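Please read the notes below alongside the sequence and the 3D view.

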Amino acid sequence: MTDRSTEEQLDAVVAALGARPAQLDEVAQARVRARLETAIVEVDLEAVRSVGRWRRAGVVSGMGLAAAAAVIAVVVAARTGGPATGKTARIDAPAPASRAATGTDRAAGAGRIALVAPAAAGPAASTPGPEDPGRAAGSSAAQPASPAAPPRTAVTVAAGESIQLALAGAAVTLYGPGQLSPTPGGAVVDAAGMLVDRPHGDAPWSVHYRGTEIVVARATFTIEGSSQTRVTVIRGEVELRCPSGPQTIRSGGSAGCEPVPAVRATPPHPPLHASLRPAPPEPELPASERVPPPLPPLPPPPPPPPPADLYATAESALGRGDLEAAQDALLAVVDAAPDSLDAAIALVDLARLAAKRGDTARALAYLARLDHHPRRAWVAAPADLLIKSLARGDSIRAPAPP
Amino acid sequence: MTAAQLAIAAIAAPPDDALIAAARDGDHAAYAELYQRYAARVYARLTHLIGPSGDREDLLQQVFLELYRALPRFRAESSIGTFIHGIAVHVAFDHLRRQGRRPRHFTAVELDELIDSSPTPEDCARRRAELGQVLVLLDRIKPAKRIAFALVAIAGLSLDEAAELVGTNPDAIKQRVLRARRELLDMLARSERARRQP
């Protein structure tokens, strides 16, 4: 119970609280303002980073949608005999009776497609059904309709063009010039680049790319093969099996193998040791159904020079003003020891070089690779400063020569 | 500064809308100007809501950081002042909820911030004790009721104004204020009885 004096006491205190507002003195106001400015910079940086992430995610989703559209278009074309949407594709198939083998067809969203069947192809089998999970877009000929059977034809893409395929639950975008030969457990690829989005599937699926094997269960990743094979994982994780040894790349990571000579995606010769063992009896398959086995591993290359030496090379190139050579050397540093401090510094320098060339997207991509770098803390300040400069659109200087 | 100088300064100062538009475009100076205009008022509002706590500076920073994030969503359906104070209310609510209903003890310096200079030291000590007691009891009230009580009974807002800041209807605010007051009076009475018992 309350009495009058209690109510009066409460009202008096409450009135006093409201009557005399607390004063924020100038020192405290300035102190909070300084902290606020620092926090706002962090907010801006995070916004820039998220833009990069969304841009990458947008590219991947766009590719995934395009791949899905391509598969649907091919299925519709195969069922109706009418044209599907997309660019004109050339289909070179061996079967004389197949509609797809008669010449020009429209298929699969984008890209010039050439279905190159193995030599001495037999009569074309029936047109595969749409339920075939492993069919390549445009490969509507020369393979039987089996729900589990992977496509057994190679797909080639012209230079500067691309094609979307559906292979074993993976949406694959192949950038030309290049060729892809499906195998039971994956594909053998030799192309300028490749984007793989495999959101489902527990069975390992492997891509043999120029002597490198990439094994994936569920992941989204890209393979670039400009100067050397580089795999960047956007979602999930993949195992990169280089001639020098395997390594696991997780989401946001990127790694490469040493450059090797380009290897055609045609079936290679059997390994020498295979002739020393009695071969198990195999049913004779027609040549059109033969599956190219995985490429044999290449001999291990000589060990690369230590990252410090590579970095010294990059610094000397910067000193000469040879930015191209500097970039190559910095990339070599990153490839030689991806988790090293040298690699972290090299990524910042690569981002600076890209920013100097006006390639903001590439600069942000290099900086994004630092997000999960074990030595991120060592280069956090210059990386954040660079991101801030990119956000403001400042002109960027090249990394300072020694 | 004279009244005329103040009037000129007020005329020369850019309106809030212009500052908001500039801040949205990344003009940090415009945002700093917004901060200068509203920081003191938000600080006073935070004092009403959580008492003379040392956490107010952190919460002030948090309010303006949330405002910076929320500016792109600001549609000018209310004034920027109301928008900022609404953020302050939510920041204070989260703070009180995290802190729980453990009573805090304020220092004399913190309490003196809210007490008028009294004619005698005895009078000052008495007011300080009463204020400290009420603030401790306020900490025992649920945050939603405390926020409503602080906005209406301490800050003197109308039920409609408080409801707009909290994001509820005036009837709910009224109920919360009445319950908070009843709880405070009960606790004060119990405290008084305990003090009188030998």
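Helix α5(A) is followed by Gly358(A), whose phi is positive, near 85°. Helices here are DSSP runs of H or I with at least four residues, strands are runs of E with at least two, and both are numbered from the N terminus. This is a predicted model, in which local features need pLDDT of at least 70, side-chain atom pairs count only at pLDDT 80 or more, and totals for chains, interfaces and linings use all residues. Residues are numbered from 1 along each chain as its sequence is written, while chains are lettered from A and ligands numbered from 1 in the order in which they are written.

**Helix α5 of chain A**

- This helix covers residues 341-356, which is 16 residues.
- From its first C-alpha to its last it reaches 23 Å, close to the 22 Å expected at 1.5 Å a residue; the expected span is 1.5 Å times one less than the number of residues.
- A residue is buried if 20 or more other C-beta atoms lie within 10 Å of its own, exposed if 12 or fewer, and partly exposed in between, with C-beta atoms placed from the backbone.
- Because 14 of its 16 residues are buried, α5(A) is largely enclosed by the rest of the structure.

- Two strands pair if DSSP finds at least two bridges between them.
- β7(A), residues 186-198, pairs with β8(A) in the parallel sense over four bridges; Val188(A) has His208(A) in β8(A) as its bridge partner.
- β8(A) pairs with β9(A), residues 212-224, in the antiparallel sense over five bridges; here the bridge partner of Trp205(A) is Val216(A).
- The hairpin of β8(A) and β9(A) has two residues between the strands, and Arg210(A) takes a positive phi near 50° there.
- Four of the five residues of β8(A), which spans 205-209, are buried, so this strand is largely enclosed by the rest of the structure.

**Ala217 of chain A**

- Is Ala217(A) buried, exposed or partly exposed? It counts as partly exposed because it has 15 C-beta neighbours inside 10 Å.
- Ala217(A) lies in strand β9 of chain A.
- Two residues are in contact if their C-beta atoms, placed from the backbone, lie within 7 Å.
- Not counting residues up to four places away in sequence, Ala217(A) touches Gly201(A), Asp202(A) and Pro204(A).
- Ala217(A) and Glu237(A) are 20 residues apart in sequence, and their C-alpha atoms are 8.0 Å apart in space.

**Confidence in chain A**

- pLDDT is the predictor's confidence in each residue, from 0 to 100.
- Chain A has a mean pLDDT of 66, and 57% of its residues reach 70 or more.
- Among the elements of chain A, β8(A) has the highest mean pLDDT (87) and β3(A), residues 113-116, the lowest (31).
- Over residues 81-151 of chain A, pLDDT stays under 50, and the model has 188 contacts beyond four places in sequence for them.
- Over residues 261-279 of chain A, pLDDT also stays under 50, with 21 contacts beyond four places in sequence.

**Chain B and its helix α5**

- Chain B has 10 helices and zero strands.
- Of its 198 residues, 35% count as buried.
- α5(B), residues 80-99, has 20 residues and reaches 28 Å from its first C-alpha to its last, close to the 28 Å expected at 1.5 Å a residue.
- The buried residues of α5(B) include Phe83(B), Ile87(B), Ala92(B) and Leu96(B), and what covers the buried residues includes α3, α4, α8 and α9 of chain B.
- Just after α5(B), Gly100(B) takes a positive phi of about 80°.

**Nonpolar cores**

- A nonpolar core is a set of buried Ala, Val, Leu, Ile, Met, Phe, Trp, Tyr and Cys residues joined through C-beta atoms within 7 Å.
- The largest core has 61 residues, and Val63(B), Ala92(B) and Ala148(B) have the most contacts inside it.
- α3(B) supplies the largest share of this core, 10 residues.
- A second, separate core of 37 residues includes Met194(A), Phe221(A), Val231(A) and Val238(A).

**Where the chains meet**

- 34 residues of chain B are in contact with 26 residues of chain A.
- On the side of chain B that touches chain A, α3(B) gives the most, with nine residues.
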